[in-house]
Amino acid sequence: MSLFYWMRNDKVAAARYSADFDAGHKWGLPGLKNCPGCGATWSEAGHEYPAVDLSLIPEHAEFEEHRPEPLHEFLRLQALVRPLAPPHAELPPGTKFGPLEGRASGQFGPFTWLGNSLMLIRRDALDGLQSAGIRGLLGCKTELRFRQKTPPDILELQIEPRGLLHRDCLPPDLDPPCPTCGRQAFRRPDDPILDLASLPTDTDLFRLDNFSTMIIGTDRFKDAVEQGGWTGISFRELPVRS
Ligand SMILES: [Zn+2]
């Protein structure tokens with residue numbers, strides 16, 4: 001059986017590079033305003049589909065402005081995107097699409113993070129991981145504007161939600177998800193545990209469905225990264241429970 005690691009920004013490794021960028025995705029679903037079921041106004045980070053190109057639909061301009069919308073308007077926009085998204089994508093409020101746009105400068109390491117939930121990869125590291133047989137890597141072009149003359153070749157990985165945090169590591173009094181909008185809010189547990197039955201067996205890289213800012217890699221992924229000498233990720237093994 002695979003081992004699973006929670007992957008985050010390795011700040012010590014990052015300090016060796018001068019990479020600096022300020023960027024966001026080109027399109028996004030709005031937040032949800034005043035859900036008629038739970039009353040919440042919310043959107044969620046960590047649902048990012050850089051490979052999904054909304055320029056293919058005539059309404060793409062409606063996805064360019066960050067704002068909350070009432071349920072009926074949110075559902076209308078979600079339905080427009082659905083045919084372009086991967087088949088099982090949940091597409092909650094705040095889901096992002098399309099290339100990362102913005103300005104960038106400096107030298108980029110093999111892995112560079114925006115926060116702890118968005119991972120950029122240099123082309124040579126992506127090619128190396130693919131040659132090593134790592135599964136589930138989808139490198140997507142970015143539209144970063146570099147100041148230097150020979151910009152690095154930087155891609156974003158589309159990492160899809162696949163597995164779950166185990167019920168045992170969540171608050172015991174946690175309410176079930178809102179039946180109307182699906183919201184289930186809780187803080188990230190200090191000691192996350194993965195739910196064995198929910199974990200994918202066909203990919204080495206994924207996010208958690210019920211905590212999508214957490215990126216998980218297998219021991220195959222970790223070993224290949226370490227053998228390649230590609231720095232920028234800190235790995236923490238997580239226990240798995242059935
Ligand atoms: Zn709700």
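User: How do you know that helix 3 lies across strand 7, strand 8, strand 9 and strand 11?

Analyst: In this predicted model, helix 3 (residues 123-131) lies across strand 7, strand 8, strand 9 and strand 11 (154-157), where contact means heavy atoms within 4.5 Å. Helix 3 runs at about 90 degrees to strand 8, an angle taken between N-to-C directions on a scale from 0 to 180 degrees, with axes fitted to C-alpha atoms, for helices over the stretch in contact. Helices (H or I, at least four residues) and strands (E, at least two) are DSSP runs, numbered from the N terminus.

User: Why are strand 7 and strand 9 called edge strands?

Analyst: The open sheet has the order 7-8-11-9, and strand 7 (111-114) and strand 9 (139-141) each pair on one side only.

User: What makes strand 12 and strand 14 a pair?

Analyst: Strand 12 and strand 14 (residues 205-208) pair in the parallel sense over two bridges, with P161 opposite R207 in strand 14.

User: How do you know which residues and atoms these values use?

Analyst: Residues are numbered from 1 along each chain as its sequence is written, and side-chain values use heavy atoms, leaving out hydrogens and water. Because the model is predicted, local features need pLDDT of at least 70 and side-chain atom pairs count only at pLDDT 80 or more, while totals for chains, interfaces and linings use all residues.

Definitions and conventions:
Pairing = 2+ DSSP bridges.
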